[in-house]
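Subject: Structure handover

Hello,

Here is the structure I promised to pass on. Please open it first, then read my notes below.

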Amino acid sequence: MAIEENEFINIRLEKLAGIREMGIAPYPPHTPERLPVEVLRTTGETEDVLSTSGRIMAKRKHGKTVFCDITDPTGRIQLFINKKNLDEESWELLGKMDLGDIIWVSGALFVTRTGELSVRVGTLLLLAKAARPMPVVKTDADGEVHDSVSDPDFIYRHRCIDLMLNETSKSRFIARSRIISAIRNYLDSDDFLEVETPVLQQIYGGAAADPFVSHYNSMDEDCYLRIATELYLKRLVAGGIHRVYEIGKDFRNEGVDRTHSPEFTQLELYEAWTDYNGMMTRFEDIVQAAAGAAGVGPVVQFAGHEIDLTPPFKRVPFVPALHEKSGKNLFDWDAARLSALAAELGLGDDIKDRPALLDKLFDHYVTPGLIQPSFVVDYPVELSPLAKQKDDDPRITERFEAFIAGLELANAFSEQNDPIYQREILEKQATGSEYRSGVADEEFLYALEVGMPPSGGLGIGVDRLVMVLTDAMSIRDTILFPYLRREQ
RNA sequence: GCGCUCCUGGCUCAAUUGGCAGAGCAACGGACUCUUAAUCCGUGGGUUCCGGGUUCAAGUCCCGGGGGGCGUACCA
């Protein structure tokens, strides 16, 4: 496919041809020595000839003088380009330069009459001609912004433009990377080992979502993209790697919304000799480290709330909280009664099983009130097939989910390590699934049979953590290249 | 998946009840040696997402399709 035809691109392609005719390479392979824009800025006025390079973001022509603003990742600086300071050829080249072009300049630094530090350009080189125009963002005297690119579809499809023009977006992605580094640093320095487990799986597990199905040609068998890393990581705990984690993509073949993406980044960590209480501390620590890396906290703005990230986070026991908020002892109700209540509340009349109903009602009564960081603890056993039951009440498991502003950020348990009990649960789950063809993950069960020490496990939605720490209202704003429908 | 809603030059947005498709920025030509939304003079640019329909007349109303946004459902 050839480059798109439009008036603006054609004009630039003509200029490009003109530049080639002048014998100038519009895409030279090397950049001459340069200093970051920021260094020029801090240097200030000097007769020394300094060099830098960047993208032309503004061009103001005044006959024989042209002012340009160029930017690099460290900042913006004005160029003062006067015909008498340039050779003939460079002046002609300047005429063929457009907003968006990437150039190299050198010259002394001086302050203009209006007080702007500028490069008095003596040498001008083209490093890369922009063939496509980019939207020009300008702020007028009234502070009104012209041409900011706000169409979400445009931003997601052309993230390069978004990063160039929207400072919030750029700093959010920088924060994201720093958050992930900080998590690694925290865990590595506490003797956790980072591992990589399979993305392509023959039997998927560790969560309840539908998988993406693929096919391995040379073995002629179907396989799945992982929906969680849980079952592999626990096999490693059984094998003696007692502090282990993985940060990676999970894939879930479910709907997309503000808080769900079909591929998303999850941290899962497992730690022997501890339980879900230990995981609460880990979560609190990780949030602290992440906030520090993002340059925010202890109080952050998110979704219109002031969120105080100072630990310890609130503990909200599932059954009592549901009782309190609903005014009814719902945990003792049977499925039929719960179903009737759900229908009455407009939560749908198609839900039949008790655990799903309890979860639904909890979401209705309790979750919206969980604005400050909270751990919902001690879930009904039916909702938590991989968690250990409490000593004093087998109907309840040692499990928590972490919420901030109603958003679920983490899920953790005291890990189930009873191989007999776990087998029952997984075999039941396997026969109830359209993809599992009745097969449970025997290798995982094998590991439990060999023996896994009592352990805590924690899964954190990294994209969602980034949302909270950078005040993003959509998970797509935290993912550089979110999945979008094919353009027609 | 369902509901509501939006789609107009490159970008951001106008267009009364259905009545000649416009503006700012960007672009092109010209003037201009300290500007910063530079300014001034001039010019071009539209299958109004696509396909049907109603009408003397459709950006606007109706039907179908595509894409987006929001909500909702699924996601232990």
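Which residues form one aromatic cluster? They are Phe-283, Phe-313, Phe-375 and Phe-400.

Some ground rules first. This is a predicted model, in which local features need pLDDT of at least 70, side-chain atom pairs count only at pLDDT 80 or more, and totals for chains, interfaces and linings use all residues. Residues are numbered from 1 along each chain as its sequence is written, chains are lettered from A and ligands numbered from 1 in the order in which they are written, and side-chain values use heavy atoms, with hydrogens and water left out.

**Aromatic pairs**

Searching the whole structure gives 9 aromatic pairs. Rings of Phe, Tyr and Trp (its six-membered ring) pair if their centres lie within 6.5 Å; planes under 30 degrees apart are stacked, over 60 edge-to-face, and the rest tilted.

Take Phe-318 and Tyr-379. Their ring centres are 4.9 Å apart and their planes meet at 45°, so this pair is tilted. Phe-318 sits in helix H9 (residues 318-326), while Tyr-379 is in the loop between strand E17 (374-377) and strand E18 (389-390), so the pair ties together parts 61 residues apart in sequence. Helices (H or I, at least four residues) and strands (E, at least two) are DSSP runs, numbered from the N terminus.

Buried means under 20% relative accessible area, exposed over 50%, and partly exposed in between (1.4 Å probe, protein chains only).

Next, Phe-375 and Phe-400. Here the centres are 4.8 Å apart and the planes are at 65°, so the pair is edge-to-face. Phe-375 belongs to strand E17 and Phe-400 to strand E20 (residues 399-404), so parts 25 residues apart in sequence are tied together. Phe-375 is buried at 0% relative accessibility. Phe-400 is buried too, at 0%.

**Charges over rings**

Arg-337 lies over the face of Trp-333, 3.8 Å from the ring centre. Arg-354 lies over the face of Phe-331, at 5.1 Å. The test is NZ of Lys or CZ of Arg within 6 Å of the ring centre and within 35 degrees of the ring normal.

**Asn-417**

Asn-417 is in the loop between strand E21 (407-414) and helix H12 (419-431). Asn-417 is buried, with a relative accessible area of 16%. Leaving out residues up to four places away in sequence, Asn-417 touches Lys-388, Leu-448, Met-452, Pro-453 and Pro-454 (contact means heavy atoms within 4.5 Å).

Best wishes
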